[in-house]
Amino acid sequence: MVGIDRRLLQNVDWPLLGATVCLVALSATTLATLSVGRAGTGVALRQIAWFGLGLIALLVVASIDYRRLVRIAPGLYLMGLIVLLTLFVFGRTVSGARRWLLVGPLSVQPSELFKLCFVLMVVWLLSTRWAQPVGKAVLVVAAPLALVPAVLIVKQPDLGTALLLFPVLIALLIAAGMRLRILGGLVLMGLAAAPLAWIALKDYQRDRILVFLDPLRDPLGRAYNVIQAKIAIGSGQLLGKGVAGATQSRLAFLPERHTDFIFAVFAETWGFVGCLVLLTCYALLLLRGFDIAASTREPVGRLVALGVTALVSTQVLVNVGMVTGLIPVVGIPLPFMSYGGSSMVVSMMALGLLLSVRMRQFQ
Amino acid sequence: MNLGYLGGPMPGRPDPGRRRVLGMAIIVSVALLTIVCQLWYLQVLEGGRFQEASDKNRIRVRPIAAPRGILFDRNGLPLVDNRPAFTLSLIPRELDRDPVQRDVTLGRLASLLQIPFADLQDAVAKVSPDSILPVRVRRGLSMDDVAKVEEWKLELPGVIVEVEPQRAYPNSRFAAHLLGYVREASDEQLKGGRYRRGDMVGQTGLERLLDEFLRGKDGGERIEVDAMGRQIRLVQSTEPHPGAQVITTIDRRVQEVAEKAMEGKAGAIVVMDPRNGDVLAMVSTPSFQIDRFTGTIDRNAWLRVMQDPNHPLLNRTIQSMYPPGSIFKMVVTAAGLQEGSLTPSDRVTCTGEFHLGNWTFRDWKKEGHGSVDLMKGIRDSCDVFFYNAGLKVGAPAMAKWAHAFGLGTPTGLDFGSEKPGLIPQPRMSKKGKPMSWHAGETVNMSIGQGQVLVTPMQVARMMAAIANGGVLWKPRLVQRIERPEKGVVWGDAGSVTGHVDLSPMVFAFLRQSLWAVVNDGGTGVAARIPGLDIAGKTGTAQTVANSKSEKGQDHAWFAAFAPVKDPEVVVIVLVERGGHGGSAAAPIARQIFNTIFLEKVAFAAFGG
């Protein structure tokens, strides 16, 4: 039911919320430092406004019993697919990508919201009577659930978001008790299909992988982002350069510094020590998520909590991994840190799901 | 869906799912630790190396100014064009950090190019020392200057020469008021946030009116340079988008002839097509050297223009108001005939003087015109006839029809501070009698004196209405605006702002008598061209102010159109303190008609 009774409130996960508030505060300060001495200090304020909106979304989601949401998951999933399809017709093109849909004055990124629909859908599938025990047959149905939207999202093109769906799927399958041997076989098959994928990739996406393998291939061309980000992070050293000294970020050497590369800005400004604080916040958040999943005995709740945690974990790891040069660049925003309304609201809704499970786990 | 089947581990029984979740938590923790290790490597172990790389990051942002849109005349001839010009710029971040060293560089530059040292310091002080965007210091460098800077390049860190498109004009004063000048955005304009420092912005005329269209979208390049400032590699580049092309209604040939005819005189010319309101020429003199305003004008030259007693910046076609003088007699005639207070057969004997109470009003012709009817009154511009006529018609009717002809209201040219003119309006008492209004004012008004004030553009609009049977067109300067890739982005099909409801008989009478002014020994005979039926009216407007002009105090007017049947062109000429309209303004109109109808006239002259 939508109403929240007292018992539910007692089980709110305060450390989880605390870590989130810290992250958003760090995001807003970082965005604010980027606009020091420039017009448009509004970015930081808008990020806080998104957070506010996200908080409302979180409360709404948390107040609904997650089981109800799982029950309507197929409908949500289908609606999500339809919206992704309509993007090709009504989508707004920004720098070559049709990722945005205009809703009144706002441009919304439907693929962000779709990620949650996807988690709920997979949980729905895995909790049907038909799926017990979770075996190869389930895989045959689950794989297209991820592949179809992934293809639509890749076509936007938004490789990063599309790739996200697979680790989440695998994590859910593992948690639902699929035999690891089957999953191992799946991964091997995936590796075998890699050459095919290479052919399907766009030139710039291949470039990114090549550049990752060898940054000096083309230092001022495709690798520009990677090298500038590394310089920014590295030059932050132990204690950071402070707001005024962060030349890499403030002089606009860094591309996409408000969004995908915001971690580099933070690392340059606050150094290794700052990064430790930031990563601790994330660790707290993610481990709390796993804790909720582990301590929930109700299987649907466990799967929802795990799916959401896997989603956020993958985003954090992939984003920070790419900015620090550990993996190739795929465009994924850093949850709670990167500027953007869709990302913020959806991340908050993900937290809402976690809280919803937590609050009801002892019922 | 019934979840009961899934069941769940019973309390107290082993829970394999839980172990798997914890396993995944461990994987994520390990990944986080790997990231921490990578950060330790980048920031602590290799931090110094990256710090150095960050300091040496010599990326330059090189804006590529979009060429401003070109303005064309109605036949596709350019009114203004662009040519490449050299601009001296400073890159704050590459100037020496040490203020003393920096001033040495600036000082060297100042003496090399004879730029005031303070100007350079001002330019640098206005922006952040961290900025990698070039600050433009001086535009329009000569080839010599460019050579000097290149020669001393090594001693001038942070100083660069850029190539930018700059306005080029057919000649220095060509259509200066119409086109308007382009200058760097002023501090005030920068506050609006629409412009960047150093952006060229249209400040007057069409350049200002259409600035949004004419301004293209600047492109830019991100290049890496070595310590000597040489380009190593292009990192990123965005093409500039040139501004839109504007097709005006101006006829460059007519504009040039009109400007030439006004050389050395102060005044205005408007040439208009009465069929659609197109402005074919718009001249205001004295003019200013429009190309000297572009780029960096030195302060003294600017002050000289601003303080010039002849007000060269004033666009006299719309921003100056003049008494219309005898031109106003057309309004009086129209009002009288339409309202029935005048008839063509009215006669007055002109002795050169007119008495009203104790006042005496004189005719411009001392000895008088003798017996005068309405047609002759217009033809010879007999003042005494119109003193009488004015009293018969009355001030309210004159004002009413003056307003009907668009006098007293701006023409709507959106051209910046257009003056509305003035038609005095006697306030009426309840009994319908004019209040605090002297009959002498009516007498003055009837010959376009007293408080009556008009702009040349208003007279053009009125004359066009007489020529085309009463349609008041909004003057049109711009036909359309086109973008290379998008086609027409803005168009003006012309708009009618009013209609003068006079009977066709009245229009016919006016045209007939205006024809007589030029072709039947009237005051406008100096405009006559054999083979072309020109109709016109002279005006000689007395002014109150004193001037040292040798020709006297009077403004000379000539308002005309041709051919009388199916008029194609209206020409308005005003010469400030030029003397008589018939002798000072009519010959200028003649030259313009001559140019426009050159072929037709030649055809007639050779017996066609």
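Analyst: What follows begins with a helix and then widens to its chain, the cores and some loops.

This is a predicted model, so local features need pLDDT of at least 70 and side-chain atom pairs count only at pLDDT 80 or more, while totals for chains, interfaces and linings use all residues. Residues are numbered from 1 along each chain as its sequence is written, and chains are lettered from A and ligands numbered from 1 in the order in which they are written.

Start with helix H3 of chain A, residues 42–63. Helices here are DSSP runs (H or I, at least four residues), strands are runs of E (at least two), and both are numbered from the N terminus. With 22 residues at 1.5 Å each, H3(A) should span 32 Å. The expected span is 1.5 Å times one less than the number of residues. The end C-alpha atoms of H3(A) are 31 Å apart, which agrees.

Which residues of H3(A) are buried? They are Ala44(A), Gln47(A), Trp50(A), Phe51(A), Gly54(A), Leu58(A), Val61(A) and Ala62(A). They share one side of H3(A), because they cover an arc of only 110° around the axis. That arc is taken from the directions from the helix axis to the C-beta atoms. "Buried" has a cut-off: 20 or more other C-beta atoms within 10 Å of the residue's own. A residue with 12 or fewer is exposed, and one in between is partly exposed; the C-beta atoms are placed from the backbone. An α-helix has 3.6 residues a turn, so residues three or four places apart point the same way.

Now turn to the face of H3(A) directed away from the buried side. It carries the exposed residues Gly42(A), Ile56(A) and Val60(A). What do the buried residues of H3(A) pack against? Their partners are helix H2 (14–34) and helix H16 (341–360) of chain A. Contact means that the C-beta atoms of two residues, placed from the backbone, lie within 7 Å.

Step back to the whole chain. Chain A has 16 helices and three strands. Of its 363 residues, 49% count as buried. Take the contacts in chain A between residues at least 6 apart in sequence: 70% of these join residues at least 24 apart. Confidence is given by pLDDT, the predictor's score for each residue, from 0 to 100. Chain A averages 83, and 83% of its residues score at least 70.

Next, the cores. A nonpolar core is a set of buried Ala, Val, Leu, Ile, Met, Phe, Trp, Tyr and Cys residues joined through C-beta atoms within 7 Å. The largest has 128 residues, and Val271(B), Met463(B) and Ala585(B) are among those with the most contacts inside it. Helix H18 (residues 456–468) of chain B gives the most to this core, with nine residues. Domain 1 (60–248) and domain 2 (325–499) of chain B both contribute, so the core lies between them. These domain bounds come from an automatic or database domain assignment.

Buried residues make up 44% of its 608 residues.

For background, most residues other than glycine have a negative phi, and most peptide bonds are trans. The bond from Thr285(B) to Pro286(B) is cis, with omega near -5°. Pro286(B) sits in the loop between strand E12 (279–285) and helix H11 (290–293) of chain B. Ala562(B) and Pro563(B) are also joined by a cis bond, with omega about -20°. Pro563(B) lies between strand E24 (555–562) and strand E25 (569–575) of chain B, in a loop.

Gln114(B) is not a glycine, yet its phi is positive, about 55°. It is exposed, with 7 other C-beta atoms within 10 Å. His311(B), not a glycine either, has a positive phi of about 50°. With 17 C-beta neighbours inside 10 Å, His311(B) counts as partly exposed.
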